[in-house]
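Please look at the structure first, then read on.

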Amino acid sequence: MNDWSPRTLAVAAGRPEGPGEPLNVPIVAASTFDAGADRAYSRENGTPTWEALETAIGALEGGHATAFASGIATLSAVADMLAVGAKVCVPTYSYAGSRGLLAHAQRTGRLVVTEIAPDDTDAWVVAGRGADLLWLESPTNPTLDVIDIETIAAAANGLVAVDNTFATPLGQRPLELGADIVVHSATKLIGGHSDLLLGLTIAADEAIAKDLRDARTRMGATPGALEAWLALRGLRTLPVRLAEQTRTAALLAARLVDHPAITRVRYPGSGMMIAFELPDAETADKVIGSLRLIRAATSLGGVESLVERRAWLAGDAHVPAGLVRFSVGLEDPEDLWTDLASALG
């Protein structure tokens with residue numbers, strides 16, 4: 001299995017083996033099991049459905065995976081590993097839910113949190129020498145900044161965790177770049193159909209993976225049986241979905257660059273996320289309200305195209321007012337462009 005490509009691993013890893021076994025792990029809707037074996041209670045010992053998903057994503061990222069009830073639960077578990085007063089660094093522009101959780105930990109005296117500009121690698125390197133945790137995100141949400149994970153991780157003395165939700169393990173493998181922990185909101189691209197909530201951690205070291213699994217047990221942040229099954233099913237088609245969405249995103253980004261109504265396009269050159277800026281909030285809201293095919297909604301990574309002006313959120317009030325986050329779906333690229341061009345005027 002180690003010599004298989006990521007595309008093959010997404011399809012093949014985590015499947016039952018042996019004569020008479022099903023091709024797909026079924027939904028194991030059980031909270032408890034007959035006594036006498038290693039598995040007794042699902043919150044503590046997991047289920048075959050969770051384990052199949054963990055095996056598959058672990059193979060893709062190259063580490064030991066644990067499934068959680070949501071993406072934000074993964075940060076809660078990582079933070080649970082830290083002592084009171086631990087120093088944490090987070091990108092200034094990053095997922096509002098993550099910064100909100102860390103801000104709450106700082107207000108209550110649990111952690112000391114510093115925000116650093118995503119592209120200021122020198123500042124990250126300096127901060128990493130004294131920080132207990134560097135919480136990285138690349139590309140960042142919603143500004144799509146790319147962080148130099150390898151340089152920062154090489155200089156860090158504490159833990160380095162990377163939110164890999166936007167890139168997915170098909171775009172980058174942070175553990176190979178020196179990170180200790182990778183996290184995903186599987187709600188997004190891995191699930192791919194806007195129908196589940198689930199988070200994943202993948203640790204390079206088995207001891208760290210055990211700490212994260214223990215945190216999941218203590219917090220009760222366990223995934224549902226259906227959600228784990230849906231996430232695994234979504235993972236099977238991630239390579240083909242992401243490839244098609246990336247092709248469409250690259251085409252649309254190039255056209256948006258040339259549109260006179262757009263003041264800036266943020267696109268890192270790969271992936272299915274685009275951010276484009278309009279002169280102000282009023283203009284952006286008018287454009288979003290004029291779209292017919294592309295839906296205005298929170299979240300991303302599904303088969304349908306979604307847009308959102310992120311600065312309306314309290315946690316993203318510092319984001320440029322006219323910035324629109326665009327999650328490119330699987331619709332026909334020309335239909336998407338027609339919708340965008342008509343709304344932009």
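What is the order of the strands in the open sheet of seven strands?

## Basis of the description

This is a predicted model, in which local features need pLDDT of at least 70 and side-chain atom pairs count only at pLDDT 80 or more, while totals for chains, interfaces and linings use all residues. Residues are numbered from 1 along each chain as its sequence is written, and side-chain values use heavy atoms, with hydrogens and water left out.

## The seven-stranded sheet

The order is β1-β7-β6-β5-β4-β2-β3, and the pairing in this open sheet is mixed. Strands here are DSSP runs of E with at least two residues, helices are runs of H or I with at least four, and both are numbered from the N terminus. Two strands pair if DSSP finds at least two bridges between them. The edges are held by β1 (64-68) and β3 (111-116); each has a single partner strand, so one side of each is left without a neighbour in the sheet. From one strand to the next, the twist averages 20°.

Strands of a sheet pair through backbone hydrogen bonds, either parallel or antiparallel. β1 and β7 run antiparallel and are joined by five bridges, with Ala65 opposite Ile202 in β7. β2 (residues 86-91) and β4 (residues 133-137) run parallel and are joined by two bridges; Val88 has Leu133 in β4 as its bridge partner. Four of the five residues of β1 are buried, where buried means under 20% relative accessible area, exposed over 50% and partly exposed in between, with a 1.4 Å probe and protein chains only.

## A helix across the sheet

Helix α4 (residues 71-80) lies across β1, β3, β4, β6 (181-185) and β7 (199-203), and runs at about 155° to β6. Axes are lines fitted to C-alpha atoms, for helices over the stretch in contact, and angles run from 0 to 180 degrees between N-to-C directions. Contact means heavy atoms within 4.5 Å.

Two loops flank this helix. Ser70 is in the loop between β1 and α4, and because its relative accessibility is 17%, Ser70 counts as buried. Not counting residues up to four places away in sequence, Ser70 touches Leu198 and Gly199. Met81 is in the loop between α4 and β2 and, at 26% relative accessibility, counts as partly exposed. Apart from neighbours within four places in sequence, Met81 is in contact with Leu159, Ile181, Ile208, Asp211 and Leu212.

## The nonpolar cores

In soluble globular proteins, nonpolar side chains tend to be buried together. A nonpolar core is a set of buried Ala, Val, Leu, Ile, Met, Phe, Trp, Tyr and Cys residues joined through side-chain atoms within 4.5 Å. The largest one has 37 residues, and those touching the most other members are Leu53, Ile57, Ile190, Leu198, Leu200, Ile202 and Leu235. At least two residues each come from α1 (6-12), α3 (48-61), β1, β7, α10, α11 and β9 (273-277). The most come from α3, which gives six.

Beyond its neighbours within four places in sequence, Leu200 is in contact with residues including Leu53, Ile57, Thr66, Val182 and Ile190. A second, separate core has 26 residues, among them Ala86, Val183, Ala209 and Leu212.

## Two packed helices

Where do α10 and α11 meet? Gly234, Leu235 and Arg236 in α10 meet Leu238, Pro239 and Arg241 in α11. The residues of this contact are three nonpolar, one polar and two charged; Ala, Val, Leu, Ile, Met, Phe, Trp, Tyr, Cys and Pro count as nonpolar, Asp, Glu, Lys and Arg as charged, and the others, Gly among them, as polar.

Helix α10 (residues 225-236) and helix α11 (residues 238-257) pack at an angle of about 60°, and their axes are 5 Å apart. The two helices are therefore oblique to each other: angles under 35 degrees count as roughly parallel, over 145 as roughly antiparallel, 65 to 115 as roughly perpendicular and the rest as oblique.

## The five-stranded sheet

Another open sheet has five strands in the order β8-β9-β12-β11-β10, with mixed pairing. Its edge strands are β8 and β10 (295-296), each pairing on one side only. β11 (residues 306-309) and β12 (residues 323-327) run antiparallel and are joined by four bridges. Helix α11 lies across β8, β9 and β12, at about 10° to β9.
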